[in-house]
Amino acid sequence: MFNGILVRYGEIGTKGKNKEFFEKRLAENIKNALKRNEIPYINVHRLPGRVLVETFEIEKCEKVLKKIFGIRSFSPVVIANANLEEILEKVYKIIENANAKSFAVRVNNADNSLKENSQKLNEIIGERVVKKYGLKVNLEKPELLVGIELRRGMGYVFTEKFEGPGGLPVGSAGRAVCLLSGGIDSAVAAYFAMKRGLKAILLHFDGGKFFSNKEKITKIAEKLEEYNGKTKLIIYNYEDVLEKISEIKEKKYICVLCKRAMKKIAERVCTEEGAQCIVTGESLSQVASQTIENLNAEQYQIEKIILQPLIGFDKEEVIKIAKEIGTYEISIKNTGECRAKPRAPATRSKIKKIIEIEKDLKI
Ligand code: ATP
Ligand code: MG
């Protein structure tokens, strides 16, 4: 019966003149996701304040829409012309299939094809249904809620409303190089960057003989691709760099120097990939070395802004989200600690000290 899905967006609606840019991006992202998942559709187009997906593959489509940022909610709809009799026919069909004892009608008339306002239409349609089927009207707790949205000469009739993931359409805020370690945190950090409209380019440093997470990484990238759309994963051969760093005299500084090197390389990748920022999964004081002093030293003289979306999250909160997005089970596969890690990494590194050591390293 349903031949489309009406998509509602959240924050995009507040963007004033830029609204069209956000709407177009959202419609484009929906199309691409349907194509990637090989879900047949007739069309995806913008309506005033909504995006309409014309398709008969309602269930498959729902699964995909739940992962497209920018969507606040969506409803499978029966599409009619904005003509009272035609809309009533669709409503009757829904009532006949629903087997409910009480109902309510909620019209949202954002069009001028029907001259009655929303409240008047509620009354007219409600009355006709009562007459024809003898159902009870229950405005507070109806067994069946029939929603009708009128937009640009068409009526969209629905009974269900699903939640979308919120946020803004991926790509609408720019591009980010997201440092993906294989651990729990960085995958969630990348997810949040995407949620605020950044298109993620994933960058992983492979430690060779020091550590290797390569297998996990491709699986995590596949999960993130469901939100990010077509995704570029860069695996950087990092063994030589880490080898050099691991030879310093004061071993306790290895980790800070290593993180700095990663961020410097990420900065170059930003330039190559046209990205404006770097994203990492650090959270303040989660492990002994994640101090504000170390974080300062790690980002000193890095020109691109480093976003750390998890900075204020507890580990439990991060784990919960990792489970929801499906990266947790992959991330927890133990691949061993980094063999370059000293027994007691520095917890309060001084920038001056770090730069001194780094100069001699000549990476
Ligand atoms: P995660 O759970 O993401 O591994 P973490 O809490 O273990 O994070 P660190 O090991 O201190 O924290 O790493 C901090 C951040 O640096 C990571 O979240 C990630 O963004 C980045 N990072 C660390 N190792 C790598 C790596 N091998 N490749 C790419 N990025 C990395
Ligand atoms: Mg880690």
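User: How many cavities of 30 Å³ or more does the structure hold, and what makes a space a cavity?

Analyst: The structure, which is a predicted model, holds 1 cavity of 30 Å³ or more. On a 1 Å grid over the protein atoms alone, a cavity is a set of points where a 1.4 Å probe fits but cannot get out, whereas a pocket is an open set with protein on both sides within 12 Å along at least five of seven lines. The largest cavity has a volume of about 60 Å³, where a volume is the space filled by probe spheres set on the points, and points are joined across faces, edges and corners.

User: Which residues line the largest cavity, and why are they called lining residues?

Analyst: Cys255, Val256, Lys259, Glu282, Ser289, Gln290, Asn294, Leu295 and Glu298 line the largest cavity; they are called lining residues because each has an atom within 4 Å of a grid point. Helix H8 (254-273) and helix H9 (292-299) each supply at least two residues of this lining, helices being DSSP runs of H or I with at least four residues and strands runs of E with at least two, numbered from the N terminus.

User: What is the volume of the largest pocket, and what lines it?

Analyst: The largest pocket has about 1300 Å³ of space and is lined by 43 residues, of which Ser181, Gly183, Lys259, Cys338 and Lys341 lie nearest its centre. H8 gives the most to this lining, with 6 residues, while helix H5 (184-195) and strand E11 (198-206) each supply at least two.

User: How do you know where ligand 1 sits?

Analyst: A molecule sits in a pocket if more than half of its atoms lie within 2 Å of the pocket's grid points, and by that rule ligand 1 sits in the largest pocket. Around ligand 1 there are 18 residues, of which Leu179, Ser181, Asp185, Ser186 and Lys259 come nearest, a residue being counted if one of its heavy atoms lies within 4 Å.

User: How are residues numbered, and which values need a given pLDDT?

Analyst: Residues are numbered from 1 along each chain as its sequence is written, with chains lettered from A and ligands numbered from 1 in the order in which they are written. Local features need pLDDT of at least 70 and side-chain atom pairs count only at pLDDT 80 or more, while totals for chains, interfaces and linings use all residues, and side-chain values use heavy atoms, with hydrogens and water left out.
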